[in-house]
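Please read this briefing with the sequence and the model open side by side. The points are grouped by topic, so that each can be checked against the coordinates in turn.

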Amino acid sequence: MATNEVKVLGSWPSPYAMRPRIALNLKSLTYEYIEEKLWEGKSELLLQSNPVYKKIPVLIHGDNKPICESLIIVQYIDEAWSSGPSILPSDPCERAVARFWAAYLDDKWFPAVKSIGVAKGEEAKKAAIAQVEEGLALMEEAYDKCSKGKGYFGGDEVGYLDIAFGSFLGWLRVTEKFNAMKLLDEGKTPGLVKWADRFCSHAAVKDVMPDTDKLAEFGKFVIAKIRAAGAAAEMH
């Protein structure tokens with residue numbers, strides 16, 4: 001393999017940028033984290049490293065081509081440093097199930113979480129909240145099956161689905177804070193509540209998970225920008 005120098009291009013509020021960092025921490029790897037201030041513009045390094053999507057995160061591993069897209073990066077880290085603890089399940093069926101739920105979270109569930117903050121009217125907000133709660137009920141069932149009574153979706157240790165889902169916990173907390181409500185609820189999703197506490201306090205995660213208040217301030221900034229853009233579009 002090329003030189004072992006590892007860099008991650010990320011942005012602190014991004015749940016997707018957390019994923020490679022958690023994976024690298026699980027493997028006990030040293031890496032350079034490069035903060036991209038996306039609201040001020042994209043760096044030349046980012047544009048050169050990810051010319052297709054022009055998004056973070058990006059993993060640069062020695063002289064290899066940059067690896068893009070968070071879940072693909074996590075899989076790459078697991079395969080490139082196979083001597084460390086495994087992140088993806090070894091069983092092909094369990095691996096497929098983990099990938100299925102990770103895709104569901106990215107494609108369906110987290111977009112619903114985001115839509116709560118920018119929903120126009122109470123009905124739209126209620127519909128988004130219902131979708132998020134339905135997803136959490138599904139993930140409670142998935143946790144019960146995947147964990148097999150152990151602490152994480154990955155069993156005894158943080159794994160692929162833990163990283164995929166856990167990276168969204170910061171924004172889930174912000175959404176709860178903004179709407180004075182509990183989405184992760186002890187009565188409805190007791191397994192997930194305990195799992196979330198366990199995940200956030202894990203050594204590989206705790207220094208990467210953004211502070212809720214800091215994230216909330218950034219969230220206000222993002223929502224204001226989205227609403228301003230929407231208002232401007234309606235004037236044309």
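What follows is a short account of selected helices, their packing and some individual residues.

The model is predicted, and the values below are computed from it. Helix H5, residues 122-147, has buried residues that pack against helices H4, H6, H7 and H8.

- The buried residues of H5 are Ala 128, Ile 129, Val 132, Gly 135, Leu 136, Met 139, Glu 140, Ala 142, Tyr 143 and Ser 147.
- An α-helix has 3.6 residues a turn, so residues three or four places apart point the same way.
- The partners against which these buried residues pack are H4 (92-118), H6 (160-166), H7 (169-179) and H8 (190-200).
- Just after the end of H5, Lys 148 adopts a positive phi of about 55°.

**Packing of H4 with H7**

- Two packed helices are described by the angle between their axes and the distance between the axes.
- On the H4 side the contact is made by Trp 109, Phe 110, Val 113 and Ile 116, and on the H7 side by Trp 171, Leu 172, Thr 175 and Asn 179.
- Sorted by class, the residues in the contact of H4 with H7 are 6 nonpolar and 2 polar, with no charged residues.

- Helix H1 has 12 residues and reaches 17 Å from its first C-alpha to its last, which is close to the 16 Å expected at 1.5 Å a residue.
- Because 10 of its 12 residues are buried, H1 is largely enclosed by the rest of the structure.
- Those buried residues are Pro 15, Ala 17, Met 18, Arg 19, Pro 20, Arg 21, Ile 22, Ala 23, Leu 24 and Leu 26.
- By class, the contact of H1 with H3 has 8 nonpolar residues, 1 polar residue and 1 charged residue.

**Backbone geometry to inspect**

- Most residues other than glycine have a negative phi, and most peptide bonds are trans.
- Ser 28, which is not a glycine, has a positive phi of about 60°; this residue lies in the loop between H1 and strand S2 (32-35) and counts as exposed at 65% relative accessibility.
- Ala 180 likewise has a positive phi, near 45°; Ala 180 is found in the loop between H7 and H8 and is exposed, with a relative accessible area of 76%.
- The peptide bond that joins Ile 56 and Pro 57 is cis, with omega at about 0°, and Pro 57 lies in the loop between helix H2 (44-49) and strand S3 (58-61).

**Individual positions**

- Gly 10 lies in strand S1 (residues 6-10) and is buried, with a relative accessible area of 0%.
- Leaving aside neighbours within four places in sequence, Gly 10 is in contact with Ala 17, Tyr 33, Ile 34, Glu 35, Glu 36 and Ile 56.
- Lys 120, in the loop between H4 and H5, is exposed with a relative accessible area of 65%; Lys 120 and Arg 227 are 107 residues apart in sequence, and their C-alpha atoms are 9.8 Å apart in space.
- Asn 64, in the loop between S3 and strand S4 (67-68), counts as partly exposed at 29% relative accessibility; Asn 64 and Asn 4 are 60 residues apart in sequence and 9.9 Å apart in space, C-alpha to C-alpha.

Methods. Residues are numbered from 1 along each chain as its sequence is written. This is a predicted model: local features need pLDDT of at least 70, side-chain atom pairs count only at pLDDT 80 or more; totals for chains, interfaces and linings use all residues. Side-chain values use heavy atoms; hydrogens and water are left out. Buried means under 20% relative accessible area, exposed over 50%, partly exposed in between (1.4 Å probe, protein chains only). Helices (H or I, at least four residues) and strands (E, at least two) are DSSP runs, numbered from the N terminus. Contact means heavy atoms within 4.5 Å. Ala, Val, Leu, Ile, Met, Phe, Trp, Tyr, Cys and Pro count as nonpolar, Asp, Glu, Lys and Arg as charged, and the others, Gly among them, as polar. The expected span of a helix is 1.5 Å times one less than its number of residues.
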